[in-house]
Amino acid sequence: MDKVILPKSAFNEIQDIGVIWVLNEATKLGFYNGNPDWANLGQGEPEVGEMKGAPERIKEFTIEPGDDRYGPLNGMCALRTAIADNYNRLYRKDKVSKYTADNISIAMGGRLALTRIFSIIAPVRLGFKVPEYPGYEDMLNYQLERIIPVRIHTKKENNYSIPAVEFVKAIKEYKLDAFLFSNPCNPTGHVIREEELNAYVKIAKEQNCALIVDEVYSHFIYENGIPAPSPVSSAAYIEDVNSDPVLIVDGLTKSFRYPGWRLAWILGPGHIIENLGKAASGIDGGPSSPIQRAAIQLFEPKRMDMETQALREVFSRKQKTMLNSLRKDGMICSEDTKSTFYIWADVSKLPPPLNNSNGFFKEALKYKVITVPGHLFDIHPGEVRGETIFNQYIRFSFGPAEENLNMGLERIRELIKSHG
């Protein structure tokens, strides 16, 4: 048979990012979202639907006649104002400088919000630490002609974070113009808060280093297995909202438990927000008006406080359940896991092949349990992946509802016993 020579393609092949690759591997074995036979302990979304103590979920919304037209590129003023008022209420009561609608840009999802930000960044050296959210790698790979990604290693004793005293050194050593990080951190669950977060903001201003802070897990905060009294945001430490070089990204996906709505926002100085709107013209054309209009009610103070309190009560209980179970099974989990709905677990003490992240992942699939191998969080924008120190880690999610979570934990226990 003659060899078939395919024509040269005008398009690149794109690799799946971490969690998408994981789900595709599970799908080959029969998994689909909502399949009751599977425990998705790798999922990056919280449980949705009704929750004890939380307000009733929104089940319908009205489309106004004007919603059929193109809307403002940075989003409708009413929603932008509601978000600004919410941040002022939660974090800036005693600050002279307040957020307004001019400090908010609305986008259809956190990835799009970050893509807008990356699209307006001048040629810079942008730092990030590892482990970190895999999606950053793909987004930055599209910007390599302008952005030089600078990978910064972290230490296990710091729960793979960068203490403030080391942060200022890193800016100087690597000559950083900007720094991107998730806080609270996906995957480790570490949260930079209070005086340390205040130091980050001050250092960024003093060193003229822009901070891009992904705060999508800002309401998932716990204190030794019980709900923390309030969420965490760098918005509390910004002095002047129109001059401090800090951009905050958040959305409905995690803390509001509406991932399917694909609605996020960026807070920042007014002149940067204006430029983000201009960028939106060429990137996405602006957010959906009906979804924005429906979202306004979520920021009513009483409603929001009920949701976030219920969320922390339920998820702190699930966190305690998962931590106790994984530790009993022989995994090493940091004592500094105080946020998100993830556990960053060291599996190196388990019997082979479970003591390696890929080995654990593949064996767990046989028990219809999905996890995420730790090496996927060792991101390398613009580089070929090499050796990683995170092959001994698994990211477990306690995002699923408690019944499904318990089923998954029981199956993991059976898996480990089968290799004992």
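Reader: What share of the protein chain's contacts with a separation of 6 or more comes from residues 24 or more positions apart?
Author: Residues 24 or more positions apart account for 76% of those contacts in the protein chain, a contact being heavy atoms within 4.5 Å. The model is predicted: local features need pLDDT of at least 70, side-chain atom pairs count only at pLDDT 80 or more, and totals for chains, interfaces and linings use all residues. Residues are numbered from 1 along each chain as its sequence is written, and side-chain values use heavy atoms, leaving out hydrogens and water.

Reader: Why is Ser161 called buried?
Author: Ser161 has 8% relative accessibility and therefore counts as buried; the term means under 20% relative accessible area, with exposed over 50% and partly exposed in between (1.4 Å probe, protein chains only). In the protein chain, buried residues make up 56% of the 420 residues.

Reader: What makes the pairing of the Ser161 and His190 side chains a polar contact?
Author: The two side chains come to 3.4 Å. A polar contact is a pair of N or O atoms within 3.5 Å; within protein, one must be able to donate a hydrogen and the other to accept it, and residues adjacent in sequence count only if both atoms are side-chain atoms. Not counting residues up to four places away in sequence, Ser161 touches Thr154, Lys155 and His190.

Reader: How do you know that the radius of gyration of the protein chain agrees with a compact globule?
Author: The protein chain has 22 Å, and a compact globule of 420 residues would have a value near 22 Å, so the two agree. The radius is taken over C-alpha atoms, and the globule rule is 2.2 Å times the number of residues to the power 0.38.
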